[in-house]
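Please look first at the overall fold and then at the side chains inside it. The paragraphs below begin with one pair of residues and widen the view from there.

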Amino acid sequence: MSLLDALIITAVCIHVVALLHNTETHKMNRLQLIKDHILSGEKNIAAPAMLPSPLTTHVLNIAEGVPGVNMTISLYRLDSVSSVWNELTTGLTNDDGRCLGLITKETFIAGVYKMRFETGKYWDALGEISFYPFVEVVFTITDPSQKYHVPLLLSRFSYSTYRGS
């Protein structure tokens with residue numbers, strides 16, 4: 001192997017290591033942005049003019065590490081007799097990715113609920129294509145005196161949710 005070959009191989013190795021480091025740094029920066037966003041948002045969940053909802057949600061675009069802004073969310077409750085979904089409200093996520101005032105304490109009763117997130121329209125507005133045109137999260141409320149938080153973490157080709165408090 002010539003000296004020139006060794007220098008080329010060394011330069012390529014240095015470049016590959018730098019690319020890998022930058023990719024890992026970029027991933028860590030995105031994760032830190034998401035963490036900071038979640039922790040800072042917990043302080044201001046309810047708008048001052050709005051009564052706090054016993055059911056909240058938070059949309060995070062984990063592909064970019066930003067809130068899911070301007071996403072339409074509809075809340076439904078299943079009629080246990082007719083098995084028909086009744087729409088209770090529709091809202092839009094704010095600059096923090098939250099949809100405030102989904103339901104009042106008075107109308108929040110035990111039952112089966114569904115949140116429909118219009119993910120396809122959200123990605124279309126960003127000029128992106130999404131695999132999921134919408135996401136429906138169905139859950140059961142057994143104790144309406146508790147607070148429920150149902151966040152949606154999404155990218156164009158995946159999503160995740162969980163029950164928070």
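In strand 3, V66 stands opposite N61, where a strand is a DSSP run of E with at least two residues, numbered from the N terminus. N61 belongs to strand 2, residues 59-61, which is joined to strand 3 by two bridges, and these strands run antiparallel. Two strands count as paired if DSSP finds at least two bridges between them. By that rule, four strands form an open sheet with mixed pairing, in the order 3-2-9-10. Its edge strands, strand 3 (66-67) and strand 10 (158-161), each pair on one side only.

This is a predicted model, in which local features need pLDDT of at least 70 and side-chain atom pairs count only at pLDDT 80 or more, while totals for chains, interfaces and linings use all residues. Residues are numbered from 1 along each chain as its sequence is written, and side-chain values use heavy atoms, with hydrogens and water left out.

Taken as a whole, the chain has two helices and ten strands, a helix being a DSSP run of H or I with at least four residues. From the N terminus on, these elements follow one another as α-β-β-β-β-β-β-α-β-β-β-β. Of the contacts (heavy atoms within 4.5 Å) between residues at least 6 apart in sequence, 62% join residues at least 24 apart. Buried residues make up 32% of the 165 residues in the chain, where buried means under 20% relative accessible area, with a 1.4 Å probe and protein chains only.

The aromatic rings come next. Rings of Phe, Tyr and Trp (its six-membered ring) pair if their centres lie within 6.5 Å, and planes under 30 degrees apart count as stacked, over 60 as edge-to-face and the rest as tilted. The count by this rule comes to six aromatic pairs. One of them is the tilted pair of F108 and Y113, with 5.5 Å from centre to centre and 45° between the planes, and both F108 and Y113 are buried. Why is the pair of Y122 and W123 edge-to-face? The ring planes of Y122 and W123 stand at 75°, with the centres 5.1 Å apart, so the pair is edge-to-face. Y122 is buried, with a relative accessible area of 6%, and W123 is buried too, with 3%. Ring pairs also link F108, Y113, F139 and Y148 into a cluster.

Finally, a charge sits over a ring if NZ of Lys or CZ of Arg is within 6 Å of the ring centre and within 35 degrees of the ring normal. K114 lies over the face of Y76, at 4.9 Å from the ring centre, and the charged end of R116 sits over the ring of F134, 3.7 Å from its centre.

Note on methods
Buried means under 20% relative accessible area, exposed over 50%, partly exposed in between (1.4 Å probe, protein chains only).
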